[in-house]
Amino acid sequence: MSVLAALYTVAEKIGISYPIVLVVAGLFISLIPSLPVVQITPEIVFLLFLPPLLFDAALHTSWHDLKHNRDAIGRLAIGLVLFTTAGVAVVAHYMIPGFTWPLAFALGAIVSPPDAVAATSAIKGLHLPKRLVAILEGESLINDATALIAYRYAVIALVSGTFVLWEAALQFVLVAAGGVVIGLATGYIFIYVLKRLFSENSTIETILTLMIPYISYLAAEHVHASGVLAVVTAGLVVSWRAHEIFSYHTRMQMTNSWDTLIFLLNGFVFILIGLQLPAIVENAHAHTLDELIYFGLLISAVVIVIRMIWIFPTVRFSDWLSRRRGLSVSHKTNAQLFILGWAGMRGVISLATALALPLVMDSGESLPQRNTILFITFVVILVTLVFQGLTLPLLIKWLKVSEPEEKEKIEERRLRLLLASSTLTFMNDVLAKNVSPLVLEEVKGRLERQQRYLRGMLDEDEPQSKAELEMQHEQFECYLKSEEALIGHQRDLLIQMHKKGAFSAQVLKRIERDLDSRSLTLEGRKRAFN
């Protein structure tokens, strides 16, 4: 944990995506002599790491974006994952000595899904078009389910030595349907329990959100359904209702708790592989280190090229079909499609899946080429995260794919204007009957000033002159600075009272939380209005 804290600080200071720092750190850890080799039971790796990682990705997924971009997400998250799995399997089978078809398909399923954390971290702050971001985030969620189900059947064929296609296809439908049903049931039971028993208790609500991915995963696996799909489905159900069922205290606490947990889980996996790499190389008896590196670079090139080969023709063909059916199609430049293809970084899901490979087969023999698969997976993650992750921001700027930062600010200002206007109407129609005119005027004055300022900035109704806007902007800047100064002064007083012991700790903490909330509100206003 101390190493992870230091790495996060480094990532923040040099301004690059933290998964890139983690994978490089894992490589350096493997070079440190005399460190212990840590071996975790494969089943524990799956249980410990996958449910929260998948659930967090689902929590951050927008239902509307998922529905609106379902065709594009489906092509990438299902079609491309299966195409990549097959492509990697063919190359691995014919190019890596000793790789049987089950081994090759297992490797293909492991390295086929791009990672949600890696993608969102790499594009953070780059102002990509909203649709592009929605597709990448939706793909990173659904493709995990596709890849992990394909991985499940590859491992079954690997450890048992038998595979019947029609039986696997039928079982796939049952396993997937069972996972979705259990996920829906778990999600709605969670919502019911939360609303009936633990409403407005942010600590209990946060704890329950940490439990639900494990409950849904274990429940599904217990009846031999897809635990992965159960977790994803439960996460989507909770994500859809999150604005209704959670209090603002819970949302703030949940965000901080989950961000910390996901970072730690990502870091632990990369440190774990770093501690295992020397033993992995040493025990990969069938191949030399040079050969392992070559195989890793070969599979890395395959996953990058296959993604590019898939994206351009499938998008253009899908658009052509839509036009033939008389449907409207959004314009997509070649530069946007290239960035969509280049953003396919692999990450912690692939690594956790590789670590979860069984140690032995049903016959009792050691799983062949397990260490080779682990090493190749790490190289693929290293190449895609470092090479693609570091070049992605440069390519976005060079190809001019990003949208102006002002576009997002304008959208936020429009929403704030809508809220202010609607609130004024509510005050005049409802509150005016129950509130004294003096109080009403004081609150209305602030909202009306905000409304006039926003309308002036958005050029709605009567556009204001440049001089009027500049004057209002200066006034608003002055207001924000004054508010910050007042909050800062009150914080200093709280610290003095704390040191003197003049008030109880509970009272001081409550006031401190109020000041923190006010600071958060001011930060949002500064971002929207500046």
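Axes here are lines fitted to C-alpha atoms, for helices over the stretch in contact, with angles running from 0 to 180 degrees between N-to-C directions. This is a predicted model, where local features need pLDDT of at least 70 and side-chain atom pairs count only at pLDDT 80 or more, while totals for chains, interfaces and linings use all residues. Residues are numbered from 1 along each chain as its sequence is written, and side-chain values use heavy atoms, leaving out hydrogens and water.

**View 1. Helix α1 against helix α12.** The axes of α1 (residues 2-14) and α12 (residues 248-283) come within 10 Å and cross at roughly 110 degrees. That makes α1 roughly perpendicular to α12 (65 to 115 degrees). Helices are DSSP runs of H or I, at least four residues, numbered from the N terminus. Val3, Leu4 and Tyr8 of α1 meet Phe263, Leu264, Gly267, Phe268 and Ile271 of α12 (contact: heavy atoms within 4.5 Å).

**View 2. Helix α5 against helix α8.** Here α5 (residues 70-95) and α8 (residues 130-160) have axes that come within 8 Å and cross at roughly 40 degrees. So α5 is oblique to α8, the class left over once angles under 35, over 145 and from 65 to 115 degrees are taken out. Among the contact residues are Leu76 and Leu80 of α5, plus Ile135 and Ile142 of α8.

**View 3. Leu107 in the largest nonpolar core.** This core has 131 residues, and Leu107, Phe190, Ile299 and Leu392 have the most contacts inside it. A nonpolar core joins buried Ala, Val, Leu, Ile, Met, Phe, Trp, Tyr and Cys residues through side-chain atoms within 4.5 Å (buried: under 20% relative accessible area, 1.4 Å probe, protein chains only). Not counting residues up to four places away in sequence, Leu107 touches Val88, Ala92, Phe99, Ile299, Ile373, Ile376 and Thr377.

Methods
Helices (H or I, at least four residues) and strands (E, at least two) are DSSP runs, numbered from the N terminus. Buried means under 20% relative accessible area, exposed over 50%, partly exposed in between (1.4 Å probe, protein chains only).
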